[in-house]
Amino acid sequence: MDAAQETAPVSRLERSSHTAFIDNNTLFVWGGYQVVAGADVMLPSDEIWLCDLDSGTWEQKEITGDKPPDLSGFCGAHVNGTLYIFGGCDPVGYTNQMFSLDLTEQLYSWKLVTDTNGTTPSPRNKHSCWVHRDRLIYFGGYGCKTIGEVRNTSSTSFVVEEMSWGPVPAPRGCHASALLGNKGYISGGVETAALDMFCLDLETWTWTQFDLSQSCTPLGRSMFTMTSISDHTLFIYGGLGTDGKTLNDAWQFNTQKKEWTKMMHPHKDKPRVCHTACLGSDNDVVVFGGSSDMHFLMDSMTVLRAPTQTHCKDVLIFQTQPYSLYRLCEDFLGRNPELFGLLLDWLPPKLRNKVDKRVAFFSAATPLRA
């Protein structure tokens, strides 16, 4: 597969199936793919993009070192200033390699992680990850071995840990996951007709399946996002519905009441699939990238992806709680700097810098909230 720089796409920011996280109100974006001339093209692994969410400005930074190969379906996780990339499919096939990138260094450099103990997970893609107590816990995905082959293999390279307590979720990929406290949640995926919900207690390794009323459960979907927004609330957005269409609905799931609530939001005209969603300041959910028009043509014999896709580079902000007075004042100053004139010069330097960024954000030709 050709590198993206060789095909010169219109914008390197436009992408799907990437990884993203927020640190110090900066959105970091790495990897993913575009569709160029009908073919999937992986984006360069030697660059990472940073977006200052206060001002909406982007910066590209180069990465040296042992860069990952062209990867699809990988899983990214951010832990203590380091980005980890695990698994996916490279040009040869499924992989179980892990790469790390220390983002606290002035110059970014990839490292292939080789000094690990224990058993390396089997190769896989389209899996998910929880970060819990500085550990990366991977679940699901597609691989080159079935669970039966793992159990019956004579090799000592694979160890299967049984978790027999509770109803275990069916094997799946393209699902969504999130962490609340010491519990990991998974939902959806290609193999599930309805949007189910499972919880794994990461202290006792016990699974729980939620008994949900089908009358108020969202449409089954895959390639969507699930984000923790409070101690007992999960937020999901978009995905590819079981009808083969890209979705634009947003829902909250209350883990205490065990119920779904559909959310009103201003982005109904922006369906998304294969996007990312991160928890931002004031419990905003920050959605980036993805495709707005992925379609699958399905009949009783085949499943085909439509040949065209529109990849996105905009950032969508979903407000999930009332803003503080400080945030409201900050945004009002950013929207209306002309009302204050020289009075802004009286602000302390740190606050003035923040206000200047908000002015840039709201005065941009294509603001993030568009």
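These legends go with a set of close-up views of a predicted model. Local features need pLDDT of at least 70 and side-chain atom pairs count only at pLDDT 80 or more, while totals for chains, interfaces and linings use all residues. Residues are numbered from 1 along each chain as its sequence is written, and side-chain values use heavy atoms, with hydrogens and water left out.

**View 1. Aspartate 196 and arginine 172 pair up in a salt bridge.** The N to O distance here is 3.0 Å; a salt bridge is a side-chain nitrogen of Lys or Arg within 4 Å of a carboxyl oxygen of Asp or Glu. Aspartate 196 sits in the loop between strand E16 (183-187) and strand E17 (198-201), and arginine 172 in the loop between helix H2 (147-152) and strand E15 (176-180), so the pair ties together parts 24 residues apart in sequence. Helices (H or I, at least four residues) and strands (E, at least two) are DSSP runs, numbered from the N terminus. Aspartate 196 is buried at 15% relative accessible area, and arginine 172 is buried at 3%. Buried means under 20% relative accessible area, exposed over 50%, and partly exposed in between (1.4 Å probe, protein chains only).

**View 2. Arginine 272 meets aspartate 314.** Their closest N and O atoms are 2.8 Å apart. Arginine 272 is buried at 3%, whereas aspartate 314 is partly exposed at 23%.

**View 3. Arginine 327 and aspartate 282 form a salt bridge at 2.7 Å, N to O.** Arginine 327 belongs to helix H3 (residues 325-335) and aspartate 282 to the loop between E25 and strand E26 (285-288), so parts 45 residues apart in sequence get tied together. Salt bridges with shared partners join Asp282, Asp284, Arg327, Asp331 and Arg358 into one network.

**View 4. Here's the largest nonpolar core, with 16 residues.** Such a core is a set of buried Ala, Val, Leu, Ile, Met, Phe, Trp, Tyr and Cys residues joined through side-chain atoms within 4.5 Å. Tyr185, Met197, Met226, Leu234 and Trp260 touch the most other members. E15 gives the largest share, three residues.

**View 5. A second, separate core holds 15 residues.** Among them are Phe21, Ile85, Phe99 and Trp110.
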